[in-house]
Amino acid sequence: MTAITAIAAAAGAACLLGACSGSEPADGGDRQAEELTALGQIKVITRESGSGTRSSLAQALGLNEEGVDDRDYILETAKTATSGQDVIAAVGSDKSAIGYVSWGTDISGDDSVKELAVDGVKADDQTIESGKYPLDRTLYLASADDQNALKEDFLTFVTGKGQEIVGEFFVPAGEGKDVFLSSQPAGTLRIHGSTSLAPVMEALAEAYEEANPGADIQVTASDSSQGITDTLTGDCDMAMVSRELYDYEKNVLDPVPVAKDGIRIIVQASNPLDDLSADMLADIYRGDIAEWADTKE
């Protein structure tokens, strides 16, 4: 038997055993389509209405003018989570779920979820700093101009020497400075708002208090909108804000950039997708795409 004849015979035998039948998908694309169909309806996980991450997602995707009107992008059946960690837990426990978290929320130690690229780009320090990541954003400290010496000294630290600490959590908003000399104002500074910003603000507060022992920096996490409300009503001195301020807020509050961030899109690790377009993501949160099978382009 010649080599060619032997190869042909082996191929024929394989077909008889079913290897050439239509029982298996012809290629990876067909397999992915079948896996997506098996996931069924998309389970949307979102954040609470005051969340800056939620509003930033709406702003980035062009879902509405200011990210306020939920009717345009939050499905009535969406499950609401009150923190990034809650989003991770919800997505990790549901194979059909999709959610979003701050890039500053570490998911590397949780193998139940994975990050999707958006328009072929994943969030990292380079894509965020360059503006190439489609869902990037700036994080702010916002306050009124009230001549508060402690607040001004703390902001000088945050936007200067403190940018080294910011870089451990996010992409720094500025180049920073190597040295900080506090003017030593004493007193208490209350900072409320975004859960995305709270961990880095706690680290900044601790470092600042070492430089100025007479200061007491109190950081309370809630959400961006609550932080702004508390600042306007005098319940705190500064708001942590993880979205762009609306025009009426800018009329009374001055936003100071603290960090650059991105919004990760996450799904359960078993999901066959690795990438979603921003347009498709908008359609999912608008409710125009409700089935995973319809995400296969």
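Which residue of β10 does Pro172 stand opposite? Pro172 faces Ala259 there.

This is a predicted model, where local features need pLDDT of at least 70, side-chain atom pairs count only at pLDDT 80 or more, and totals for chains, interfaces and linings use all residues. Residues are numbered from 1 along each chain as its sequence is written, and side-chain values use heavy atoms, with hydrogens and water left out.

**Strand β10**

β10 spans residues 254-268. Strands are DSSP runs (E, at least two residues) and helices are runs of H or I (at least four), numbered from the N terminus. Eleven of the 15 residues of β10 are buried, so the rest of the structure largely encloses this strand. Buried means under 20% relative accessible area, exposed over 50%, and partly exposed in between (1.4 Å probe, protein chains only).

Two strands pair if DSSP finds at least two bridges between them.

| Strands | Bridges | Sense |
|---|---|---|
| β3 and β10 | five bridges | antiparallel |
| β4 and β10 | four bridges | antiparallel |
| β5 and β10 | eight bridges | antiparallel |
| β6 and β10 | two bridges | antiparallel |

Val101 has Arg264 of β10 as its bridge partner. Thr138 stands opposite Lys260.

**Helix α4**

Helix α4 covers residues 84-92, and its buried residues include Val87, Ile88 and Val91. The buried residues of α4 pack against β10 and also against β1, β2, β3 and β4. Contact means heavy atoms within 4.5 Å.

**Two loop residues**

Gln147 lies in the loop between β5 and α6. Its phi is near 60 degrees, a positive value in a residue other than glycine. Gln147 is exposed, at 66% relative accessible area. Gln184 sits in the loop between β6 and β7. Phi of Gln184 is also positive, near 60 degrees. Gln184 is partly exposed, at 42%.
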